[in-house]
Every structure is written in structure tokens, then in C-alpha cells.
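Dear colleague,

I would be glad if you could read the notes with the model open beside them.

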Amino acid sequence: MPEKSKRRGVLRALLCPALLLLTATPAVAAPAAPAQPEPVRETVWVDTGLDNDGDGATDRVAADIVRPPTDRPVPVIMDASPYYSCCGRGNEDERKTYDEQGRPQGFPLFYDNYFVPRGYATVLVDLAGTNRSEGCVDVGGESDVTSAKAVIDWLNGRAKAYQRPTGGAEADAGWSTGDTGMIGKSYDGTIANGVAATGVEGLRTIVPIGAISSWYDYYRSDGVSFGTDPRGLAESVEEGGGRPDCGPVKQRLDEGAPANGDTTPMWRQRDYAPDAGEVRASVFAVHGLGDLNVKTIQFGQWWDALAAHDVPRKVWLSQTGHVDPFDFRRAEWVDTLHRWFDHYLKGADNGVEHEPAASIERAPDEWSDEPGWSGETAAPTTLHPAPGESPGLGGLGVAPADGQESFTDDGHSTEYDWAEHPDQPAANRTLFTSAPLQQDMRVAGTGSVSVRATPGTSSAHLSAMLVDYGPATTRDALGPGEGIRTLDTESCWGANRPGDDACYRDTEATKSDVDYQIVARGWADLANHESLSQETPLQPGNPYEMTFRLGTTDHVVPAGHRLGLIVAGTDGSTIQPPEQPGRVDLGLAGTSVSVPVVGGPAAATAAGLAEQPSSAPTVRPDRTPSRPTPRINGDIPE
């Protein structure tokens, strides 16, 4: 095959999306790094075996390496990303930099500064089609995943790499043991999930942070669209708004992402959970329970699939939005990550695999540990809405009830509009609340909503929210920092080098006093009641039954609080409206919510959900949660 004759230029567009997130916890003295000579810095171009840009030569991806200057082979910590030149990584928006000879100099994040002096190599891979790599971005598909998998194959002697993008001398990976741990936030962690699902040999562990497990669920939800498409993301991270020779790839993305929200083979190829049985790596997952960018269903369905195959796993669930743990629990994160990598990449007998498998933030900077995540054992508990004295307002409990309630979709109201006045009827939503709980009740896992809905027009979109009504102080995950504030002070985590310092600005939790919290959300197109892959035309006046998912959660509803269920039409903050929004009647006998309660139905009954409420909750205007900065959902999963 002919050699590539050009190296791609560096991306010039700076697309720093609204959802790139901030950083960490109060300043803590970092452990001193062992003294070592200057590390080796180099770039190799790994042959992927693919030719996505169609120029007749296989694509090569750039892998920038920082490694100890030793003859003893070392394991690898890898972060494969499309963001190294377009958008930056971390709270301080770091990008890769190079010296006058083109050698890697500045590496984003602390991984190289901290881990290289401790006997690891750090490899940062430009996904195909980005920065100095050839090929095309295909948003979680074969090209993206192979970009990183090929590097692991090279580290283990199964693929070729070269010292220049045009070829020349082959590059040898004899400095590496081949044992690799992948880490990364958002898109980067998503690639780690995808590579692990291939079962590639040599990948020993992955650390996905706020990562995607199904790209359909990033852009769509049970038949509805969040308003953006993968083509826009591909163009954002490629050069100049999209590489000209990648047009056919973009066309396939367009064809595979119909606006009506149906699932397609393209979406199914980008769902990694069905291949969890192929995963050979341990998994240390981190997710923000307030993440409205990479929503919590992404963690929940991946975790459930891993659990079904008994994959070694650990999880941290924070109250933040889309935030890296280095930026909300810094000292504990670095220490735990260090021991995790030492065990799974170096074979250290340090007991990290026997420590609590789940750590959940219950209040700002207050964490609860448990041997295994209770979301695996929580039992589905069915709660039923009941009619009340005012139209659209009613009760919620374990006993089924008859009756009918209605709402009219106005196409633009949001979940916050619906939740803020639970004691007042509103034409654009229905709201059902329990009696005050008699004892704490923990909801952990992934629930669902079932409806018997009769549309008044030929199209209907549905939204559902599970709400905790009662006073609380929580992280302000909906605020500008999504739960953190960046400070002026710094702490250092590893070795400082010219052009690549290890110091990062400290952060602290931002807090909010609220009278309600939306703890789980779900959206659906009623026309997909029979199949998510094909709509069925709706006949006005005919009833339809449909069950759709709520987001994964882990939340304790305290005694004295009420649990609420909202069912409405278009959530204007998240989904696109139907062609003809209108009235929808809910048959209460066929409408319910399945809630994953720790302790199951018995715990729900003990908490008082068998009782009907005597009044509706109230919300003080000065204690409503922040509303997130207006944005198009699904922009860039940074």
C-alpha cells in the first residue's frame, strides 16, 4: 500500500463546550514524587489496519509517550481522546504541546507528572481524525475504538508502529510490559468502555469517568431526540469543522441517526453493554448523579452488564454534574487510583480489591462506603398514582387506583416549571406525591415508568421525573461549576518539568439549600410503544401502553420528605417536541412507576407509602434548585 504523504495539521478551532467541567477539593499537600532523571518523550504512529479516509493507505494514529528512562519494562496508563487539540482536558483546559522538533512536551492532566516517576509510562492517543492522527472520527464506532485498541496491540507485539507518520523505521515497544490501564473522562472514558468490550488482551483495567456506554442514549431516549447528532461532534473535534476526505463517514453518521429517535444498526454498534461478557479488565467507574450531559443511565446499564458477568468493579458516585474526581475529591482520588493501578498493572498485593466497592456522596464532601453497590440488590417496587381533589394532582403509594388525569403539552415547559409548585394544579403536567415518609428510604438503581396514555393528536412525547420533596443542602450540580468552585490556590501532584507542570488550581464544593431534588428522569416517544426501531402511527383517542426508563440514581429520601412522580409532555430543557403536541389522558390503572428500593416493597411500606397524602408539599421560592445554564443537550461529552 502507498504510504501516507501528509501529516494532518493541528486543529485550529477552539470549541470549548458549555459542559467541560471544573475541578476538585480543598488544598491538600500532595505526596512528593520520587526523584528521577528526565523521562523519555516520543511519538509513534500506530497502524490501525483501517482506511476510513479512503486514500488507499491504512490510517495511523499518533501515540505520544512519556516513560521512565529505564531498561526495565513498565506498564502503561493510557488516555485516548479526540480533545487534545480542539477542546482541552481537565478543569484548566489543557492541550498537548510540542517542542521545536515536534516531540511531545506538555501533557494534559496529572497522569504523567505523578505516575511516570512511580514506574509507569503514560501514553496519550489522538483518536483517528484528530490532532496528529490520520483517518476519521466516527463517534464511538469502529474507527474510534480501534484507535486505542491498536495501540494496546502494538504494546503487546501484535501491531506495527512507526517513528514518523509517513512510515520509515518501525518503533519498538520493548520498554513496556504490555499491561495497560485506560483512563479518561467523558469521551475518553467512553473509548475505554468500548475497547474493554472488545476483550483485547493486555488491557488490565479501565477507569471510565462520566463515560458513555451507549451513544444512542447520549443523543436519544426511548424514541425522542435530545436535539443534536453525532455529525456535529465529529466536525467539532476534526480539523477546521471536519476533514474534507471524511465526508462519507459523516454521511453514514447522518443516515444512522434519524431525527425521529428510532434505534438503528449504527446505534446498536455503539452500544457496548451487550458485549460486557467480553470484558477482561477490571472497572473503576466514576459518575456524577447530577450529570445532565452524560446522563446516569450510561453508568447504570454498563454497571448492570458488568455485574451480570461478575467483572471486578468499583464505583464512586458523587453529587456533582460532569466533573472529574480529581476536582471534587482530589487527595483520596490520587491515592486510590495509585493503589488501583499498582494492583492491576503491577500485581501489588495492597488489598485495594478488598476495600469498599462503592462510595457514594450523600451530602457535600460526606461519603458513605459499602462492600458492594446496593443498586445491584435493590428490588423493583411498584408505586401507583391516585387521583386527588384537584385536577392533575394526586397521591402516590403502593396501592393501585382507578381514575384519569390529563395534561396538555405546550412544547416548551421544563421539568423545573413542573416541579416548583407541587401544591398547585397546572394544565401542562400531572404530579402525584406520597405522604411524608415515616423513615428513610433509599432508592438505588434504574427504574422505569409505565403509562396507559391516550393522545389527542397523532404524536405525543412523554417525560417523567422522580422527585424528593423536602429541605436539603446539596452540591449545586446545576450551577456554573456543576458542584465545584475553582479557587486561586494550587496543589502539585507529581514532578514539574519545563513546559509541563504538575500544579493545579484547588476547588471546593458549591452548595445549595433546596426544597426539592429531581433524582431520576426519563423521556419517550409514545409512537415507539411497540418498538424502539420503528414508530407506529398514533390514532387520536386510542389508548397506548408503554414502559420507558428512568435514569440511574442512588438517593436517600429522608423521613418527613415526600416522593413525587411527574408525568408530562415535552421537557423543553432536554427533548424535542412532537410534530403536534396536544392533550394526553393518563389512565391511572395502567400507569405506575417501578422504583428500585433498597429493601424492596417491605421497605417502601415501612416508610409509609401505603398511606395516601392529606395535602401536597410546598416549595419556598428562595429554596428552589438552580437551573442549568441554557444549552443544547448533547453538544460535546467533555
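**Salt bridges, rings and backbone**

Asp365 has a relative accessible area of 38% and is therefore partly exposed. Please keep in mind throughout that this is a predicted model.

The partner of Asp365 is Arg475, with which it forms a salt bridge whose closest N and O atoms are 3.0 Å apart. This pair links distant parts of the chain, since Arg475 belongs to strand E22 (residues 461–475) while Asp365 sits in the loop between strand E15 (358–363) and strand E16 (366–370), 110 residues apart. In contrast to the partly exposed Asp365, Arg475 has a relative accessibility of 3% and so counts as buried.

In the structure as a whole there are 42 salt bridges. One of them joins the side chains of Arg41 and Asp500, at 3.7 Å from N to O. Arg41 and Asp500 are both buried.

Asp99 and Arg103 also meet through their side chains in a salt bridge, here at 2.9 Å from N to O. Asp99 counts as partly exposed because its relative accessibility is 22%, where buried would mean under 20%, and Arg103 is likewise partly exposed, at 43%.

Turning to the aromatic residues, a search of the whole structure finds 30 aromatic pairs. In the pair formed by Trp215 and Tyr219, the ring centres are 6.3 Å apart and the planes stand at 20 degrees, so the pair is stacked; both of these residues are buried. Phe226 and Trp523, on the other hand, form an edge-to-face pair, with 5.5 Å from centre to centre and 85 degrees between the planes. Because Phe226 lies in the loop between strand E12 (224–225) and helix H5 (230–237), and Trp523 in strand E25 (residues 511–525), the pair ties together parts that are 297 residues apart in sequence. Phe226 and Trp523 are buried as well.

Phe226 has a further contact, in that Lys295 lies over the face of its ring, at 4.2 Å from the ring centre. A second case of this kind is Arg329, which lies over the face of Trp367 at 3.9 Å from the ring centre. There is also an aromatic cluster, whose members include Phe110, Tyr111, Phe326 and Trp493.

Finally, two backbone angles deserve a look. Most residues other than glycine have a negative phi. Asp93, although it is not a glycine, has a positive phi of about 55 degrees; Asp93 is placed in the loop between strand E3 (74–81) and strand E4 (97–98), and it is partly exposed, with a relative accessible area of 24%. Leu109 also has a positive phi, near 70 degrees, and lies in the loop between strand E5 (104–106) and helix H1 (111–115). With a relative accessibility of 15%, Leu109 counts as buried, whereas Asp93 is partly exposed.

Terms used
Residues numbered from 1 in each chain as written. Predicted model: local features only at pLDDT ≥ 70, side-chain atom pairs only at ≥ 80, totals over all residues. Heavy atoms only, no water. Salt bridge = Lys/Arg side-chain N within 4 Å of Asp/Glu carboxyl O. Buried < 20%, exposed > 50% of the residue type's maximum accessible area, 1.4 Å probe, protein only. Helix = DSSP H or I, 4+ residues; strand = E, 2+ residues; numbered from the N terminus. Phe/Tyr/Trp six-rings, centres within 6.5 Å; stacked < 30°, edge-to-face > 60°. Lys NZ or Arg CZ within 6 Å of the ring centre and 35° of its normal.
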